[in-house]
Amino acid sequence: MIRIEVASGSDIEEIIKDDEIYSRIGDDFSPSKEVLELPKIHGCLSGYVDGRLASLYIVDEGKLHFMVKKQYRGNARKLLNKSYKYYNKKVYCVIPLCYNDVIKFAINCKFNLKGFVREYRKINGAFYDGAILERNV
């Protein structure tokens, strides 16, 4: 069973500081997760699968950051869609082109490609452009 609710501070920290997730959301300018200080985040949703924390859906000024723990990726589409219905507003995201699997996932989840950002992020010494994707209500 999938459940979505407003995220607690501990949920936010658990997801963002997950080893696998932090390696994908960080870049060459990010601090190590051990010293990362999380700002107050509002408008954040936690997704649960069978009562266990699985995802985080953060919207900051319309920009979406969606993260799913690796063991729950099979539920990612359902978690995203339920979170999106709960939030129920237009969102966009920018995904580095090195994460082609994430871009394909977004497109399969009704996001539309709107353009690109040059040299969006530096990851492992290389700059990557970012794909801008948008999803309407």
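These legends walk you through a few close-up views of a predicted model.

**View 1. A patch of positive charge on the surface.** Four side chains come together here: R77, K82, K85 and K110 form a positively charged surface patch. To find your way, start with K85, which belongs to helix α3 (residues 76–87). K85 counts as exposed because its relative accessibility is 68%.

**View 2. V94 and its surroundings.** Look for V94 in strand β5 (residues 91–96). With a relative accessible area of 14%, V94 is buried. Leaving aside residues up to four places away in sequence, V94 is in contact with K63, V117, Y120, G130, A131 and I132. D129 is 35 residues from V94 in sequence, yet their C-alpha atoms are 9.3 Å apart in space.

**View 3. Two salt bridges, R3 with E5 and K17 with E13****.** Side chains of opposite charge can pair when their charged atoms come close. R3 and E5 do this with an N to O distance of 2.4 Å. R3 is partly exposed at 33% relative accessibility, and E5 is partly exposed at 30%. In the other pair, the closest N and O atoms of K17 and E13 are 3.3 Å apart. K17 counts as buried at 19%, whereas E13 is partly exposed at 37%.

**View 4. A salt bridge between K114 and E134****.** The closest N and O atoms of this pair are 3.8 Å apart. The bridge links distant parts of the chain, with K114 in strand β6 (residues 112–123) and E134 in strand β7 (residues 126–135), 20 residues apart. K114 is exposed at 52% relative accessible area, while E134 is buried at 16%. Through shared partners, salt bridges join K90, K114 and E134 into one network.

Key: Residues are numbered from 1 along each chain as its sequence is written. This is a predicted model: local features need pLDDT of at least 70, side-chain atom pairs count only at pLDDT 80 or more; totals for chains, interfaces and linings use all residues. Side-chain values use heavy atoms; hydrogens and water are left out. Patches are made of residues with over 30% relative accessible area and no salt bridge: like charges are joined within 9 Å, nonpolar side chains (Val, Leu, Ile, Met, Phe, Trp, Tyr) within 5 Å. Accessible areas come from the Shrake-Rupley method with a 1.4 Å probe; for residues, only the protein chains shown count as cover. Lys and Arg count as positive and Asp and Glu as negative; His and the chain ends are not counted. The place of a charge is taken as NZ of Lys, CZ of Arg, CG of Asp or CD of Glu. Helices (H or I, at least four residues) and strands (E, at least two) are DSSP runs, numbered from the N terminus. Buried means under 20% relative accessible area, exposed over 50%, partly exposed in between (1.4 Å probe, protein chains only). Contact means heavy atoms within 4.5 Å.
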